[in-house]
Amino acid sequence: AKLYVEYIPCPREFRVHVTGYGDSFVTEKKWDTDNHPDDLRIGNTFYMAQVDQTAKPVVQCREVAFMALEALGLDFAGVDVGWTGERAVLFETNTAPGSFGPITTKFYVNLITKFVSN
């Protein structure tokens, strides 16, 4: 079967780490790799930056990520969500998300500790 997708311009992209316990942590993909004081991980052409966890785009992207987590029946995921300027758009859900440095490593260590404890 052919796969058809619709292009939706999203000038901002977020990685939303979410858990079935309601925990979340959001980073934003940035393209200016020459200026990355708050970087979490450098990619070939981008880095993941810390963001204001209470900003409107972040809150709405988090809501979409939790809906994806619930719809897929997962315990945790790294969900890629775009922001059009008005709404959040789900890109993909990563069931084995990478850790972007010590901040997200700590997030996943806490998650696994909580999971094993219950």
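**View 1. Lys-114 and its salt-bridge partner, Asp-23.** Lys-114 is partly exposed, with a relative accessible area of 32%. That label sits between two others: buried means under 20% relative accessible area and exposed means over 50%, using a 1.4 Å probe and protein chains only. This is a predicted model, so local features need pLDDT of at least 70 and side-chain atom pairs count only at pLDDT 80 or more, while totals for chains, interfaces and linings use all residues. Residues are numbered from 1 along each chain as its sequence is written, and side-chain values use heavy atoms, with hydrogens and water left out. Lys-114 forms a salt bridge with Asp-23, and their closest N and O atoms are 2.9 Å apart. Asp-23 lies in the loop between β1 and β2 and Lys-114 in helix α2, so this pair ties together parts 91 residues apart in sequence. Asp-23 is partly exposed as well, at 25% relative accessibility. Here a salt bridge is a side-chain nitrogen of Lys or Arg within 4 Å of a carboxyl oxygen of Asp or Glu, and by this rule the count comes to five.

**View 2. The whole chain, for orientation.** Helices (H or I, at least four residues) and strands (E, at least two) are DSSP runs, numbered from the N terminus. The protein chain has two helices and six strands, and along the sequence they follow the pattern β-β-β-β-α-β-β-α. Of its 118 residues, 36% count as buried. Take the contacts (heavy atoms within 4.5 Å): among those with a separation of 6 or more, 52% join residues 24 or more positions apart.

**View 3. Strand β1 and its two neighbours, β5 and β2.** Six of the eight residues of β1 (residues 12-19) are buried, so this strand is largely enclosed by the rest of the structure. Strands count as paired if DSSP finds at least two bridges between them. With β5 (residues 76-83), β1 pairs in the antiparallel sense over eight bridges, and Val-16 stands opposite Val-79 there. With β2 (residues 24-30), β1 is also antiparallel, over five bridges. In the β1-β2 hairpin there are four residues between the strands, and Gly-22 takes a positive phi near 90°.

**View 4. Arg-15 and Asp-80, a salt bridge between strands.** Side chains of opposite charge can pair when their charged atoms come close. Arg-15 and Asp-80 meet in a salt bridge of 2.5 Å, N to O. Asp-80 is in β5 and Arg-15 in β1, so to speak distant parts of the chain, 65 residues apart. Are these two buried or exposed? Asp-80 is buried at 7% relative accessibility, and Arg-15 is buried with a relative accessible area of 10%. Arg-15 stands opposite Asp-80 in β5, and opposite Thr-27 in β2.

**View 5. Strand β5 and its hairpin with β6.** β5 is mostly covered, with seven of its eight residues buried. Antiparallel pairing joins β5 to β6 (residues 88-94) over six bridges, and Asp-80 stands opposite Glu-92 in β6. Four residues lie between the strands of this hairpin, where Gly-85 takes a positive phi near 110°.

View 6. The side chains of Glu-13 and Lys-29 meet in a salt bridge (3.8 Å, N to O). Arg-12, Glu-28 and Lys-30 are linked in a network of salt bridges.

**View 7. An aromatic cluster of Phe-25, Phe-76, Phe-107 and Tyr-108.** Rings of Phe, Tyr and Trp (its six-membered ring) pair if their centres lie within 6.5 Å; planes under 30 degrees apart count as stacked, over 60 as edge-to-face and the rest as tilted. The whole structure holds three aromatic pairs. In one of them, the ring centres of Phe-76 and Tyr-108 are 5.9 Å apart and the planes are at 65°, so the pair is edge-to-face. Phe-76 lies in β5 and Tyr-108 in helix α2 (residues 101-117), so parts 32 residues apart in sequence are tied together. Phe-76 is partly exposed at 32% relative accessibility, whereas Tyr-108 is buried at 10%. Phe-107 and Tyr-108 form an edge-to-face pair, 5.2 Å centre to centre with 90° between the planes. Phe-107 is buried, at 13% relative accessibility.
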